[in-house]
Amino acid sequence: MTLTELKYIVAVARERHFGKAAEACYVSQPTLSVAIKKLEDELEVKLFERSAGEVTVTPLGEQIVQQAQTVLDQAASIKEIAKRGKDPLAGPLNLGVIYTIGPYLLPDLVRQNIARTPQMPLMLHENFTVRLLEMLRAGEIDCAIMAEPFPDTGLAMAALYDEPFLAAVPASHPLAAREWLSTQELKNETMLLLGTGHCFRDHVLEVCPEFARFSSSAEGIRKSFEGSSLETIKHMVAAGMGVTLVPRLSVPAEALAPREGRNGRAKASPAPALEPIVRYLPIRDTQDGQPPTRRVVLAWRRSFTRYEAIAALRNAIYACELPGVARLS
């Protein structure tokens, strides 16, 4: 039994015609017919029913053809593995991203990756940090972009950037007129949180730990509300339900445009804009005056051998605009 013979029976099953199958395999019909007869004799089964102008696959032949296709796919995978060994940038890279990073980093990252390494498409997987760690250990993904901290699982890691948090408040809120807010002032507000499982929820509770006691109790319903995504939370802020913290990259450029230009200076809007319904304000810690931040890292298995692919991905990330964050090398 050879891979060539398996390729022939798959072609006949697909074309339902020996002549067309031979053309698809770039061989003569007698060559294909002899090879299939040889395989039938070896297996001692009949794979095809031959009649005038018609070829049908026997019930047992259907099962063998399906298995033959699986074997051919696996053989092709072996070639792909060898190809990637010669060129680590050849072939897809399975990248995991947490929900509070993906929508804001991936559009620019995908464009940068296509421009720099088109032979290495990104296969993207959005999920919670815990699930991404499981997928890394199981080999379901090659690397992941996550925010620290997370359990030490012996992964290799490279720090990408430190991202500050901003406060999102309704435009009608008294705090909306401020230039910045302190963490102490936020403690007096109704805080909107992401649901359990989001690591950004934990980051918010680190800034305002007193909300932890409300977020899982009946009493907390009056003090804090939960949303399934950052964008949902922002709509809740716009509706006047409370305030929240958001990572800098999630803030729309136009939301800061009137107050922050390219060089951090105020600039005039080129055309009249709609009044914002959510204001985004810098935060300063009450004790040290520094804004709360999260560190975003790229993690991968130490056994992963495509080092050049990891380096190419990091370069593509650093090529992204990443406004307002502190890049780390």
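Modeller: Start with helix α2 (residues 18–25) and helix α3 (residues 29–43), whose axes come within 8 Å and cross at roughly 100 degrees. Helices here are DSSP runs of H or I with at least four residues, strands are runs of E with at least two, and both are numbered from the N terminus. An axis is a line fitted to C-alpha atoms, for helices over the stretch in contact, and angles run from 0 to 180 degrees between N-to-C directions. That angle makes α2 roughly perpendicular to α3; under 35 degrees would be roughly parallel, over 145 roughly antiparallel, 65 to 115 is roughly perpendicular, and the rest is oblique.

Bear in mind that this is a predicted model, where local features need pLDDT of at least 70, side-chain atom pairs count only at pLDDT 80 or more, and totals for chains, interfaces and linings use all residues. Residues are numbered from 1 along each chain as its sequence is written, and side-chain values use heavy atoms, with hydrogens and water left out.

Back at the contact (heavy atoms within 4.5 Å), Phe 18, Gly 19, Ala 21 and Ala 22 of α2 meet Gln 29, Leu 32, Ser 33 and Ile 36 of α3. By class, that's five nonpolar, three polar and no charged residues, with Ala, Val, Leu, Ile, Met, Phe, Trp, Tyr, Cys and Pro as nonpolar, Asp, Glu, Lys and Arg as charged, and the others, Gly among them, as polar.

Now look at Glu 5, which sits in helix α1 (residues 3–15). Glu 5 is buried, at 6% relative accessible area; buried means under 20%, exposed over 50%, partly exposed in between (1.4 Å probe, protein chains only). Leaving out residues up to four places away in sequence, Glu 5 touches Ala 35, Lys 38 and Leu 39.

Leu 109, Gln 112, Asn 113 and Arg 116 in α5 meet Leu 313, Asn 315, Ala 316, Ile 317 and Ala 319 in α11. Those residues divide into five nonpolar, three polar and one charged.

Leu 109 and Leu 313 turn up again in the largest nonpolar core, among the members that touch the most others of its 44 residues. Such a core is a set of buried Ala, Val, Leu, Ile, Met, Phe, Trp, Tyr and Cys residues joined through side-chain atoms within 4.5 Å. The largest share, six residues, comes from α11.
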